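Dear colleague,

I am passing on the structure we talked about, and my notes on it follow below. Please read them with the coordinates open beside you.

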Amino acid sequence: MEFLIFFIIGIAGNMVGTLVGGGGLISLPMMLLMGLPIHSAIGANKVSNTVSSLSSFLVIFTKKEVSAKEALSVLVFCLGGGILGGLTASFLSGETLMVIAILLLSFAFINSFMGKGNFDGTSTFQLNRKTVPSLLGIGIYDGMFGPGSSTLALYLYASEKIAYIRAVGLARIGVFASCFGASITYISTGKIMWPVTIALMIGAIIGAQLGVRLARKLKSEHIKPLLRVVTVLLIVQIIWDYVK
């Protein structure tokens, strides 16, 4: 029964996470509710997201909607950030991680009203003085905590006038990179509960594939409002977990 519950959590979390980020809004609270220690829950999320995000990225990549050059640019900085984040998280309390998450998501929410990007551009992704530190920071955040990292990445790609499907593909390879880096750290420090993680991972792969297919049906003008809703829900959920 427990296997089935984590399997369903994996499907729901990764379907939402692929579309607008915030899959951790579903998966992390549910895992904590099931009694998993916070670092084991985050570790399970990292390992399952590593596999599922790669599977969904490959669907977009094989359709040539993201180039190898763009993917490699994102991969390098998010991988480095993920490793740093995973190492840092091992020395931080759950409460500290929550405060960092609240601050970052609040900043992204406010900043979304200031930018003009709306996923209706045709630009390709370029490394510059804005995107390099942003990718590294998102990677570190994803390695440390996770919920909302894809949402933060999608805000970044919208501000760079990148089309939605391309942005989803870049967000997925970014999640793969940072989660892969963090997974190495969580596995090496013995934080992974493998039966739970495998159940979550199988569901996550299915959820990610469903998310990619649904992404093609969403209109660009609907994405930012959905991102803002998810961001607010994430902030409320994390604040609730923090104060209780």
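**Cavities and pocket**

In this predicted model, helices α2 (24-33) and α10 each supply at least two residues to the lining of the second largest cavity. The greatest contribution to that lining comes from α2, which gives 5 residues. The second largest cavity holds about 100 Å³ of space, and of the 13 residues that line it, L28, F145, P147, I238 and D241 are the closest to its centre. By class, the lining of this cavity divides into 10 nonpolar, 2 polar and 1 charged residues. For context, a search of the whole structure returns 3 cavities of 30 Å³ or more.

The largest pocket is a separate item, and its volume comes to about 430 Å³. It is lined by 20 residues, of which F107, A108, S134, I138 and L152 are the closest to its centre. The elements that give two or more residues to this lining are α5 (94-112), α6 (131-144) and α7 (149-159), with the largest share, 6 residues, coming from α6. Sorted by class, the lining of the largest pocket has 11 nonpolar, 7 polar and 2 charged residues.

**Salt bridges**

Side chains of opposite charge can pair when their charged atoms come close. How many salt bridges does a search of the whole structure find? There are 3 of them, and I take them one by one.

The side chains of E65 and R216 meet in a salt bridge with an N to O distance of 2.8 Å. This pair links distant parts of the chain, since E65 sits in the loop between α3 (38-62) and α4 (68-89) while R216 sits in the loop between α9 and α10 (220-243), 151 residues apart. E65 counts as partly exposed because its relative accessibility is 25%, and R216 is likewise partly exposed, with a relative accessible area of 34%.

R166 and E70 also meet through their side chains in a salt bridge, here at 2.6 Å from N to O. The two residues again belong to distant parts of the chain, R166 being in helix α8 (residues 164-188) and E70 in helix α4, 96 residues apart. Both R166 and E70 are buried.

In the salt bridge between E160 and K130, the closest N and O atoms are 3.7 Å apart. E160 lies in the loop between α7 and α8 and K130 in the loop between α5 and α6, so this pair ties together parts that are 30 residues apart in sequence. With a relative accessibility of 18%, E160 counts as buried, because the cut-off for that class is under 20%. K130, by contrast, is partly exposed, its relative accessible area being 40%.

**Nonpolar surface patch**

Which residues form a nonpolar patch on the surface? They are F3, I187, W194, I198, I202, I206 and L210, and together they have about 600 Å² of accessible area. Helix α9 (residues 194-215) gives the most to the patch, with 5 residues. F3 counts as partly exposed because its relative accessibility is 44%, a value that lies between the limits of under 20% for buried and over 50% for exposed.

With best regards

Methods: Residues numbered from 1 in each chain as written. Predicted model: local features only at pLDDT ≥ 70, side-chain atom pairs only at ≥ 80, totals over all residues. Heavy atoms only, no water. Patch = residues over 30% accessible without salt bridge, like charges linked within 9 Å, V, L, I, M, F, W, Y side chains within 5 Å. Areas by Shrake-Rupley, 256 points an atom, 1.4 Å probe, with all protein chains shown as cover. Salt bridge = Lys/Arg side-chain N within 4 Å of Asp/Glu carboxyl O. Helix = DSSP H or I, 4+ residues; strand = E, 2+ residues; numbered from the N terminus. Buried < 20%, exposed > 50% of the residue type's maximum accessible area, 1.4 Å probe, protein only. 1 Å grid on protein atoms, 1.4 Å probe; cavity = no way out; pocket = protein on both sides within 12 Å on 5 of 7 lines; lining within 4 Å. Points joined across faces, edges and corners; volume = space filled by probe spheres on them. Nonpolar A, V, L, I, M, F, W, Y, C, P; charged D, E, K, R; others polar.
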